[in-house]
Structure formats: structure tokens, C-alpha cells
Amino acid sequence: MSEGLDIAMASGAHASDVATPGVSGDHAAGRHSTPAGAEPLALRVDAIRQVAETIRSIELVADDAAALPAFTAGAHINLKLPGGLSRSYSLINGPEMRDRYVIAVNRDVASRGGSAYINEKLQVGDVLMVDPPHNTFPLVEDAELSAFFAGGIGVTPILSMIRRLEALGRPWKLFYAARNRVSAAFLIELEALDAREPGRVHLHFDDEAGKVMPLLKLAAGIPKAAHVYCCGPARMIDTFKASAGWRPQDNVHVEHFAGTNGRPTQDFTVVLKRQDKEFFVPAGQSIMETLEANGVRVAHSCREGVCGTCETVVLEGECDHKDNVLSPREKATNKLIMICCSGARSDRLVLDL
């Protein structure tokens with residue numbers, strides 16, 4: 001594959017209103033799910049900072065200064081915003097910091113309400129309801145080497161991972177691309193980290209280099225035993241996956257910001273085992289859409305199969321997976337399903353609901 005398939009990693013290329021972690025390696029990597037039935041937290045906006053031309057960082061704390069629920073590097077939180085919006089954003093602070101959750105949100109020009117509200121209306125002192133952290137993009141903390149490829153706002157979960165590895169004294173490398181310097185976040189901190197141990201941070205700005213970041217070439221220089229991570233625009237992820245085909249599957253970790261746009265392809269019956277209910281799901285409709293139409297409330301956020309909020313245990317049946325959360329190996333087991341976008345290949349699908 002030629003280097004011509006590499007792309008610009010512009011910060012504006014992300015669907016910031018769906019900034020939700022997605023595909024990762026298997027659960028052995030440390031994937032963390034929010035406990036079923038966990039209550040939302042009422043958190044106050046303690047600080048707002050402009051960290052790039054169109055990116056704001058938001059710090060959320062408890063009013064009583066209590067420690068917040070623990071999280072692992074790569075986790076995200078769901079924010080409940082005015083108008084019934086629920087949006088997920090990656091935590092950028094390291095898990096050692098328990099007094100606050102810190103996120104960074106890019107003002108997406110195609111915002112459906114979330115990033116526009118956070119960047120233009122949210123103020124210090126405002127209180128938001130926030131779901132506890134959930135992690136579908138976990139860090140393997142004892143890897144021989146961790147190599148990160150980030151595009152634009154895709155640096156957010158990776159920054160949390162880097163902070164964690166720094167605390168553990170583990171080796172890492174970062175390749176971070178943006179259209180220009182003003183659109184790239186956290187440059188001062190990243191440059192300071194590189195000054196402490198030169199060669200770990202590789203910054204690429206399209207306007208200065210006169211070309212896009214040569215991801216294929218850079219990825220080829222990372223040892224096979226390393227764990228490699230990518231978070232950025234869809235085309236960047238496609239190139240990254242193409243570069244990683246020779247690596248062990250468990251060593252390759254990807255986070256998507258958008259779903260596959262796929263739809264279930266056949267009719268089936270979904271059975272809710274614990275509720276002793278069953279419903280007919282027509283082809284082209286997700287399980288969640290059917291349940292909501294029948295008055296069954298289920299947890300959700302992105303509705304695109306990238307955040308993992310609606311992850312549900314499958315008791316019987318074969319899934320028709322349409323998400324960007326589960327790994328190929330996880331999908332093959334038919335043990336979990338993202339009901340916001342997926343369906344079934346069998347006539348019946350029994351869920352632990």
C-alpha cells in the first residue's frame with residue numbers, strides 16, 4: 001500500500017458530538033464497564049480553558065469536593081446536556097486524579113448541539129448530570145512499548161494513557177498530527193514531555209510539512225511486540241488498520257468517533273429474559289428502536305455503536321453486529337451486543353434484560 005493513502009489529521013475532521021470510544025482489543029486489556037444501574041453524578045464545572053483554536057477543556061468536580069468514581073486510562077463519560085442531549089467525551093486526566101474529571105471538546109462545524117453548547121454556552125459554576133466513567137478503549141499498562149497515533153481531537157484519550165504510563169514509568173511514543181499548530185491541543189505539555197526524554201513525541205503539522213503525516217511509514221518502524229493505538233478521523237483509522245495487519249490482533253487498539261452506518265438485515269424476535277417480554281424487530285430497525293417504541297427504557301448515548309453505553313449480554317441467538325465497539329473476536333462469541341444499532345441473524349435473540 002502506498003503512502004499516498006495517508007491523510008491529513010485535521011482537528012476539525014472529528015464528529016465531536018459523538019466523541020465516544022469504540023473499538024479496542026479484548027477485555028483482557030482492561031476494559032471497564034460502568035456498573036449496571038449506576039446513578040448519574042451531579043458535577044459542577046470548576047474550570048474552562050481554551051486549549052486550541054476550537055477546543056475547550058472542561059473540569060468537572062463534586063460540590064462537596066469528594067473523590068469521584070475511579071476510572072482507567074482511555075475511559076469516557078456521558079454528559080447530559082440541555083434539550084435531552086447525551087454526549088460522550090474522553091477523559092484526558094490520568095486515573096490517579098480522583099477529585100475531578102477533565103474532558104476536551106472540539107467545536108464541530110457540523111455540531112448537532114453538544115459541542116456547540118459546551119464551547120459557546122457552558123459556564124463555570126454550571127451543574128451537569130454525568131454518567132460514571134466507561135472504558136471501551138483500554139490501555140495495556142505492562143506493554144513492552146506503547147505507540148500512539150492521534151489525529152486532531154483524537155489525542156484526548158491518548159493523553160490520559162500517556163499520563164498513566166508516565167506515572168508507571170513505562171515506555172511510550174506519540175505521533176500526533178493536525179492541520180496546523182493552532183488547531184492542536186496540549187502542545188506545551190507534550191513538548192515538555194519530549195524535552196524530558198527526547199524522541200518520544202513526534203508532532204506533524206500539514207501546513208508546515210507541506211504534506212500529510214506518513215502514517216504507514218511511521219507505523220512500520222514500531223516493533224511487532226509493541227501495543228499500538230489509534231484515535232482520529234475515519235480515514236486515518238483505515239490507514240492505521242492497513243498498517244497493522246502483520247501485528248498480533250490483541251496488540252492493535254482503535255477508537256472510532258462514528259458508527260458504521262450499517263443496519264440489521266433481517267426480521268427477528270428479541271426476548272427480554274428478566275422482564276419476560278418479547279418483541280418483533282423488523283429488518284432495518286435496531287433492537288433499541290423497537291424497545292423504545294414499546295415503552296422499554298434502555299441506557300444509551302451515541303445511538304451509533306461507538307460508545308458502549310448500551311452493551312447488553314446475549315443469552316441465546318446469533319447477533320448481527322453493526323457496532324464499532326466490539327473486537328472481531330468478541331463479536332464472534334455472540335456474548336455481547338450493542339443494541340442501539342445491531343440486530344440478529346437468528347430468528348430469536350435472547351437478552352439479559
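This is a dialogue on how to read several features of a predicted model.

Trainee: How much accessible surface does the chain have, and what share belongs to carbon and sulfur atoms?

Mentor: The accessible surface is about 14500 Å². Carbon and sulfur atoms account for 51% of that area.

Trainee: Among contacts between residues at least 6 apart in sequence, what share joins residues at least 24 apart?

Mentor: That share is 70% in this chain.

Trainee: Take L174 as an example. Which residues is L174 in contact with, leaving aside neighbours within four places in sequence?

Mentor: L174 is in contact with F148, A150, I158, I162, L190, R200, V201 and H202.

Trainee: L190 is on that list. Which residues of α3 are buried?

Mentor: With a helix, ask which residues are buried and how they are arranged around the axis. In α3, the buried residues are L187, L190, L193 and D194. They sit on the same side of α3, because they cover an arc of only 125° around the axis. The face turned away from that side carries I188, A195 and R196, which are exposed. As for partners, the buried residues of α3 pack against α2 (155–168), β8 and β9 (201–205).

Trainee: Let me apply this to α6. Which residues of α6 are buried, and which are exposed on the other side?

Mentor: Helix α6 covers residues 234–243, and M236, I237, T239, F240 and S243 are buried in it. Seen down the axis, these buried residues fall within an arc of 160°, so they line one face of the helix. On the other side, A234, R235 and D238 are exposed. The buried residues of α6 pack against β7, α5 (215–220), β10 and β11 (252–255).

Trainee: Now some serines. Where is S146 found, and is S146 buried or exposed?

Mentor: For a single residue, read its element, its accessibility and its contacts together. S146 is found in strand β7 and is buried, at 1% relative accessible area. Beyond its neighbours within four places in sequence, S146 is in contact with L139, V140, L165, P171, W172, K173, H227 and Y229.

Trainee: Where is S342 placed, and what does S342 touch?

Mentor: S342 is in the loop between β16 (336–338) and β17 (343–344). Its relative accessibility is 0%, so S342 counts as buried. Not counting residues up to four places away in sequence, S342 touches P264, S286, I287, D320, H321, K322, D323 and I337.

Trainee: On to the backbone. What is the phi of F186, and what is the phi of D276?

Mentor: F186 is not a glycine, and its phi is positive, near 65°. D276 is not a glycine either, and its phi is about 55°. F186 lies in the loop between β8 (172–178) and α3 (187–196). D276 lies in the loop between β12 (268–272) and β13 (277–281). In accessibility, F186 counts as buried at 12%, whereas D276 counts as exposed at 71%.

Trainee: Last, the cysteines. How many disulfides does the count come to?

Mentor: The cut-off matters here: two cysteine sulfur atoms must be within 2.5 Å. By this rule the count is zero.

Notes. Residues are numbered from 1 along each chain as its sequence is written. This is a predicted model: local features need pLDDT of at least 70, side-chain atom pairs count only at pLDDT 80 or more; totals for chains, interfaces and linings use all residues. Side-chain values use heavy atoms; hydrogens and water are left out. Helices (H or I, at least four residues) and strands (E, at least two) are DSSP runs, numbered from the N terminus. Buried means under 20% relative accessible area, exposed over 50%, partly exposed in between (1.4 Å probe, protein chains only). Contact means heavy atoms within 4.5 Å. Accessible areas come from the Shrake-Rupley method with a 1.4 Å probe; for residues, only the protein chains shown count as cover. The arc is that of the directions from the helix axis to the C-beta atoms.
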